[in-house]
Amino acid sequence: MPESRAQGGASEGRARARDAEPRPLTGGSVEDYIVGKQVGQGAYATVCFGLHKETNRKVAIKIYDKYKLMDPQRRKSVRSEIHLMERMRHPNIVIFHEALDTPKQIFLVMEFVGGGSLHHFLKKRPGRRLDDQLAKRIFFQVCQGIRYMHERNIVHRDVKLENLLLDEQGVVKIIDFGFSTEVCRHGS
Ligand SMILES: Nc1ncnc2c1ncn2[C@@H]1O[C@H](COP(=O)(O)OP(=O)(O)OP(=O)(O)O)[C@@H](O)[C@H]1O
Ligand SMILES: [Mg+2]
């Protein structure tokens, strides 16, 4: 688990409280960001580290090449990914900032989660095991995020270790809403 940051003074405490609820970056354009090195690769998208120039905020930018989205179903699923992420705001779900359309690519800008995936984290543990306390703490956070989604009729459909990231404080952040969907709830 990434180390918690050392406790600071009152102003640092206030800054931390602000960090916990960062305001999404919106209304921007691609020029507002410096696109850095690649941090992930999937079937349809590449994820890069990014920096919001004006605020110096770290972001992750999921980049879809439009030529890979010829299939209308794929385009629909990217639209749905954006729409669903826009609707969610929870401490255990990655914060979505904005979607940017360029002639050749679609950028999904979100908070950068810097502690690596649970997959990576487990690989480093002896015997790939967690002690009960830590497993409980992590599982609880995953459940909190999933409960929040389900209360909004959103189902992730791809919950796995690679899609559960840890931030620098060890907080779980659920990512990757590429397979997610909204369901109708009958009789409730
Ligand atoms: N917000 C983020 N902060 C840091 N790293 C991220 C973030 N989002 C994604 N990544 C990295 O990029 C990888 C790929 O991202 P993601 O899971 O969203 O794409 P994918 O698996 O290609 O998705 P899809 O299934 O929609 O094609 C993740 O496993 C993770 O390592
Ligand atoms: Mg993924």
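Mentor: Let us go from the overall layout to the sheet, and then to the helices.

Trainee: What kind of model is this?

Mentor: This is a predicted model.

Trainee: How many helices and strands does the protein have?

Mentor: The protein has four helices and nine strands. From the N terminus on, their order is α-β-β-β-α-β-β-α-α-β-β-β-β.

Trainee: And how much of the protein is buried?

Mentor: Of the 188 residues in the protein, 24% are buried. As for contacts with a separation of 6 or more, 61% are between residues 24 or more positions apart.

Trainee: Now the sheet. In what order do the strands of the open sheet come?

Mentor: Five strands form the open sheet, in the order S1-S2-S3-S5-S4, with antiparallel pairing. Strand S1 (33-41) and strand S4 (96-101) each have a single partner strand, so one side of each is left without a neighbour in the sheet. From one strand to the next, the twist averages 25 degrees.

Trainee: What holds paired strands together in general?

Mentor: Strands of a sheet pair through backbone hydrogen bonds, in a parallel or an antiparallel way.

Trainee: Is S5 open or enclosed?

Mentor: Six of the seven residues of S5 are buried, so S5 is largely enclosed by the rest of the structure. One residue of S5 to look at is Leu 108: Ala 99 stands opposite Leu 108, and Leu 108 is also the bridge partner of Lys 62.

Trainee: What does UniProt list for Lys 62?

Mentor: An unreviewed UniProt entry lists Lys 62 under "binding site". Lys 62 is found in strand S3.

Trainee: Is Lys 62 buried or exposed?

Mentor: Lys 62 counts as buried, because it has 26 C-beta neighbours inside 10 Å, and 20 or more are needed for that label. Leaving out residues up to four places away in sequence, Lys 62 touches Ala 45, Val 47 and Leu 108.

Trainee: On to the helices. Where does H2 lie?

Mentor: Helix H2 (residues 72-87) lies across strand S3 (57-65), S4 and strand S5 (105-111), and runs at about 150 degrees to S4. The 16 residues of H2 should span 22 Å at 1.5 Å a residue, and the end C-alpha atoms are 23 Å apart, which agrees.

Trainee: Which residues of H2 are buried?

Mentor: Val 78, Glu 81, Leu 84 and Met 85 are the buried residues of H2. They cover an arc of only 135 degrees around the axis, which puts them on the same side of H2. What covers them includes S3, S4, S5, S6 and strand S9 (181-182). The face turned away from that side carries the exposed residues Pro 72, Gln 73, Lys 76 and Arg 87.

Trainee: And which residues of H4 are buried?

Mentor: In H4 the buried residues are Ile 138, Gly 145 and Met 149. Their arc is only 50 degrees around the axis, which puts them on the same side of H4. Helix H3 (118-123), strand S6 (154-155) and strand S8 (172-174) are among the elements covering them. Exposed residues on the other side of H4 include Asp 132, Lys 136, Phe 139 and Glu 151.

Trainee: What follows H4?

Mentor: H4 is followed by Asn 153, whose phi is positive, near 60 degrees.

Notes:
Residues are numbered from 1 along each chain as its sequence is written. Chains are lettered from A and ligands numbered from 1 in the order in which they are written. This is a predicted model: local features need pLDDT of at least 70, side-chain atom pairs count only at pLDDT 80 or more; totals for chains, interfaces and linings use all residues. Two strands pair if DSSP finds at least two bridges between them. Helices (H or I, at least four residues) and strands (E, at least two) are DSSP runs, numbered from the N terminus. Axes are lines fitted to C-alpha atoms, for helices over the stretch in contact, and angles run from 0 to 180 degrees between N-to-C directions. Two residues are in contact if their C-beta atoms, placed from the backbone, lie within 7 Å. A residue is buried if 20 or more other C-beta atoms lie within 10 Å of its own, exposed if 12 or fewer, and partly exposed in between; C-beta atoms are placed from the backbone. The arc is that of the directions from the helix axis to the C-beta atoms. UniProt positions are given in the numbering used here, feature names are shortened, and annotations may be inferred rather than shown by experiment. The expected span of a helix is 1.5 Å times one less than its number of residues.
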